Amino acid sequence: MVSKEAELRALRTQIDSHFLYNTLENIKMLAEIEGQLEISDALTSLGKMMRYNMKWASEYVTLREEIDHIKNYTSLMNIRFDNKIKLIINIDSYLLEQEVLKLSIQPIIENSISHGIKDKLDKELGIIEIKASIDGNTMIIEITDNGKGMSPEEVEKLNYKINLEDEEFNKNLLNKYEGQETVKRGNGIGLRIVNQRIKLYYGDDYGLQISSKKGEYTKVILKLPYLIVNGGISKYA
């Protein structure tokens, strides 16, 4: 009985997904007929993002898939910010087959826009660059924005918070709502979740770290085991 109910829930979810995709496709066609190509492109990006978010066959994807998702996300953000966000991808093609946790980089891009470059977009371009390199058996992914940056004290607090154990972090979060000391660049929940997932799946030798300079940039550095996805199987390169 339980199994049958689970099957029915999965079927309803599948039906709901198909309905949403078909509705988006119909609206996209109407936009094209009316010559609203920007709206059509936005709906295409949104549809791809929805498919990526809703399909969880595995916790792991290739870096290429995560980057494609980020491109769709940035395209949608550029509608809001009048094409003031420039995304630079500086990754060798062979590294795009690197294994990453699904939705492990997109939250960092979202954070870069919301807390880094957003306030400057009315005057100049906001630039986000994603780079990747190999150091032995470690893959290093760097996400750098040219936003407002942080002071050394803010960076230290943020790095400290994203590495706290749950109990201590929740206590710090409670202090925030009681009006005590806070980190100006948000409370770090999104970055902390990414950091925790990386450590959970790959071990404590991996995770993320933030560096920044006030008024110039913020850089988030991800360290992952160097794993290449080959035929659906991950293996050390």
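The following legends describe close-up views of a predicted model.

**Figure 1. Overview of the protein chain.** The secondary structure of the protein chain comprises seven helices and nine strands. Of its 237 residues, 43% count as buried. Among contacts in the protein chain with a separation of 6 or more, 71% are made by residues 24 or more positions apart.

**Figure 2. Packing of helix 2 against helix 3.** Helix 2 spans residues 37–54 and helix 3 spans residues 63–80. The two helices pack at an angle of about 140 degrees, and their axes are 9 Å apart. That angle makes helix 2 oblique to helix 3, because an angle counts as roughly antiparallel when it is over 145 degrees and as roughly perpendicular from 65 to 115 degrees. The crossing of helix 2 with helix 3 is left-handed.

**Figure 3. Residues in the contact of helix 2 with helix 3.** Helix 2 contributes Glu38, Ala42, Ser45, Leu46, Lys48, Met49, Tyr52 and Asn53 to the contact. From helix 3 come Glu65, Glu66, His69, Asn72, Tyr73, Ser75, Leu76 and Ile79. By residue class, the contact of helix 2 with helix 3 consists of seven nonpolar, five polar and four charged residues.

**Figure 4. Edge-to-face pair of Tyr60 and Tyr201.** Two aromatic pairs are found in a search of the whole structure. In the pair of Tyr60 with Tyr201, the ring centres are 5.9 Å apart and the planes stand at 85 degrees, so the pair is edge-to-face. Tyr60 belongs to strand 1 (residues 60–62) and Tyr201 to helix 7 (residues 189–202); the pair therefore ties together parts that are 141 residues apart in sequence. Tyr60 has a relative accessibility of 32% and counts as partly exposed. Tyr201, at 33% relative accessibility, also counts as partly exposed.

**Figure 5. Tilted pair of Tyr60 and Tyr202.** The ring centres of Tyr60 and Tyr202 lie 6.2 Å apart with their planes at 45 degrees, so this pair is tilted. With Tyr60 in strand 1 and Tyr202 in helix 7, the pair ties together parts that are 142 residues apart in sequence. Tyr202 counts as buried because its relative accessibility is 15%, and the cut-off for buried is under 20%.

**Figure 6. Cluster of three tyrosines.** Ring pairs link Tyr60, Tyr201 and Tyr202 into a cluster.

Methods:
Residues numbered from 1 in each chain as written. Predicted model: local features only at pLDDT ≥ 70, side-chain atom pairs only at ≥ 80, totals over all residues. Heavy atoms only, no water. Axes fitted to C-alpha atoms, helices over the stretch in contact; angles between N-to-C directions. Helix = DSSP H or I, 4+ residues; strand = E, 2+ residues; numbered from the N terminus. Parallel < 35°, antiparallel > 145°, perpendicular 65-115°, else oblique. Left-handed = near helix turned anticlockwise from the far one by under 90°. Contact = heavy atoms within 4.5 Å. Nonpolar A, V, L, I, M, F, W, Y, C, P; charged D, E, K, R; others polar. Phe/Tyr/Trp six-rings, centres within 6.5 Å; stacked < 30°, edge-to-face > 60°. Buried < 20%, exposed > 50% of the residue type's maximum accessible area, 1.4 Å probe, protein only.
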